[in-house]
Amino acid sequence: MHLSEITHPNQLHGLSIHELQEIARQIREKHLETVAATGGHLGPGLGVVELTLALYQTLDLDRDKVVWDVGHQAYPHKIITGRYNNFHTLRQKNGVAGYLKRCESKFDHFGAGHASTSISAALGMALARDARGEDFKVAAIIGDGALTGGMALEAINHAGHMPHTKFLVILNDNEMSISPNVGAIPRYLNKMRLSPPVQFLKDNLREQFKQIPFVGETFTPEMERLKEGMKRLAVPKVGAVIEELGFTYLGPVDGHNLEELIETFKQAHSIIGPVMVHVSTTKGKGYAIAEKDQVGYHAQSPFNLASGKAVPSSKPKPPSYSKVFAHTLVKLAENNPKILGITAAMATGTGLDKLQAKLPKQYIDVGIAEQHAVTLAAGLACEGMRPVTVIYSTFLQRAYDQIIHDVCIQKLPVFFCLDRAGIVGADGPTHQGMYDIAYLRCLPNMVMMAPKDEAELQQMVVTGINHTEGPISMRYPRGSGYGVPLMEEGWEPLPIGKGEILRSGDDLLLLGYGSMVYSAMQVAEILSEHGIESTVINARFVKPLDTELILPLAQRIGKVATLEEGCVIGGFGSAVAEALMDNNILVPLKRFGVPDQLVDHAKPDEAKADLGLTSSQISEQIRELFFSKQPSPVS
């Protein structure tokens, strides 16, 4: 059978091990050629090909439910659930999504782009099944990186209290999240995986049983259970923690041995109560370059499949905001041992790997545990340290109560650096950094700023480090800066709550925030060609807002437009509107931002065009709204 013929996962039923191995080879081939062309997550999916095929051969996917954690690892799932022919559109506009989406396929039973959610969701499905008196199977597949998230542990704690609920958790243990895992749990799993007695028993026990008279090649389920029991007697610690929490533990299982996987999953399905199958896999399996560099090939931009090297850009790009941020932070930290950079398993994405390499004692990785990261930072701030908590805008949402309860209420000087703020592109709705302006702006004691370019980002890093009167946040976008000159030293902090005038005009007041300041300047240029002269302000701060600068200009000019790359509800434009209303300045105002809708996966420029946020679109809307000719009065 060719992979292209598989449109339903139940077609895997009855296939031989040899046939499944051939399907596995074709999946890896399709996976690699697609990601090489489109970009996307490479290593995670390559590591779970056999796991996926073995599990799906033991399930009826017309009835049974599978919940994949995050979705990084679900490309093989997508390929064998009716999306083979469209897989070349991966992460492209109107194409196959990079993550699971319930609206994309009936086999995507739960959507996710953030880690550690699968066990909770799958347990909910299992309890709903029991409440309705149904009998379908439910399986959650979670990586060992996601197991460092507190939500996963909360779900395990709950599931272990349900001894009569049939429920399967598959732990995909590849020693990695994006970077190598940190913490006691991954270390414990590593001991289990590499324990010499376990390795000996896995490799030799079956052969020893075959030598017993009257047993031979026969290896019944009873023998399988005896084998598992002997493994536990040999190494008492293996699975002990999991079993104490109420689960039946099976494993570790070779995640690339189809026969062993199928046997283990069949055994797991026969057990009443929660079961955890511990599967040991290799991230990037089948592509030697990705196996060797598991961090670098977690996700890739388009690359040459033969060499593994990225497809070169047509022209050199300025450094990314993340790199400029990391470079600046390292420079400051070299002279200030109180500065500590904190990441939640995103060292490479945030640039904090540079801090780790240069000043490892001033670097902290907490794993996929944003809540802990924020309260840890609060504790550090209590003792006079300068914690710099660097988390993507979309992931900081996970620690909202900690920001309020542990930082803002206590007015602790934690510096929040929100990478990937705004429209991020191909990762889609779960990763867009749309909401941080709105969800932070309402919090007492929080100062909020956003740089117009990478040079101003340097100044804001200094501003954040120097601000000791309470929490302060800085949002900045994904991707390259504008190529403006950078400074190596001598940065000065910005005055809190003060914006700047970049251009003067008497017809319109344009207020830009962060990544949309340069767009505001472009809009002003376009409008100038039509005889409309604008004053352009770089707000710099949304909280406190520079009302001393903005309000007199708004009243004098009489027409105001705000530009931001975030949700328009509760955002920067809302802050300006509130200030105008509170001061009884009743002038026309147009807010440009992301409307009340989800932004799907597409290139950022494509998404902005769909949202009407290109400079030409904004200038046209302003002309129609504020400067179109009024109809002549009826005589």
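Visitor: Which backbone oxygen does the side chain of Arg28 reach?

Guide: The side chain of Arg28 reaches the backbone oxygen of Leu46 at 2.9 Å. A polar contact is a pair of N or O atoms within 3.5 Å; within protein, one must be able to donate a hydrogen and the other to accept it, and residues adjacent in sequence count only if both atoms are side-chain atoms. The 2.9 Å of this pair is within the 3.5 Å limit.

Before we go on, this is a predicted model, in which local features need pLDDT of at least 70 and side-chain atom pairs count only at pLDDT 80 or more, while totals for chains, interfaces and linings use all residues. Residues are numbered from 1 along each chain as its sequence is written, and side-chain values use heavy atoms, leaving out hydrogens and water.

Visitor: What makes Arg28 count as buried?

Guide: Buried means under 20% relative accessible area, exposed over 50%, and partly exposed in between (1.4 Å probe, protein chains only). Arg28 has 10%, so it is buried. Arg28 sits in helix α1 (residues 17–38); helices (H or I, at least four residues) and strands (E, at least two) are DSSP runs numbered from the N terminus. Contact means heavy atoms within 4.5 Å, and leaving aside residues up to four places away in sequence, Arg28 touches Leu46, Val49, Glu50, His256, Lys285 and Gly286.

Visitor: In what order do the 5 strands of the open sheet stand?

Guide: The order is β2-β3-β4-β6-β5, with parallel pairing. Two strands pair if DSSP finds at least two bridges between them. Strands β4 (residues 167–173) and β6 (residues 274–280) have 7 bridges in the parallel sense, and one of the pairs there is Leu168 with Val275 in β6.

Visitor: What makes β2 and β5 the edge strands?

Guide: Each of them, β2 (65–68) and β5 (248–254), pairs on one side only.

Visitor: How is the direction of helix α11 related to that of β5?

Guide: Axes are lines fitted to C-alpha atoms, for helices over the stretch in contact, and angles run from 0 to 180 degrees between N-to-C directions. Helix α11 (residues 258–269) makes about 170° with β5, and packs on the sheet by touching β4, β5 and β6.

Visitor: How do you know that the span of helix α16 agrees with its 13 residues?

Guide: The expected span is 1.5 Å times one less than the number of residues. For α16 (residues 370–382) that should be 18 Å, and the end C-alpha atoms are 19 Å apart, which agrees. The 12 residues of helix α21 (residues 517–528) should span 16 Å, and the ends are 17 Å apart, which agrees too.

Visitor: Why are the buried residues of α21 said to line one face of the helix?

Guide: The buried residues are Val517, Ser519, Ala520, Val523, Ala524 and Leu527. Their arc, taken from the directions from the helix axis to the C-beta atoms, stays within 150°, so they line one face of α21. These residues pack against β14 (500–503), β15 (508–512), β16 (534–538), β18 (560–567) and α25 (615–626).

Visitor: Why is β11 called largely enclosed?

Guide: Because 5 of the 5 residues of β11 are buried, the strand is largely enclosed by the rest of the structure. Phe415, Cys417 and Asp419 lie on one side, Phe416 and Leu418 on the other, and both faces are covered. Strand β11 also runs parallel to β10, with 5 bridges, and to β13 (residues 472–475), with 4 bridges. Phe415 is the bridge partner of Val388 and stands opposite Ile472 in β13.

Visitor: Which residue is joined to Pro252 by a cis peptide bond?

Guide: Gly251 is joined to Pro252 that way, with omega about -5°, and Pro252 lies in strand β5. Another cis bond joins Lys543 and Pro544, with omega about -5°; Pro544 is in the loop between β17 (541–543) and α22 (547–557).
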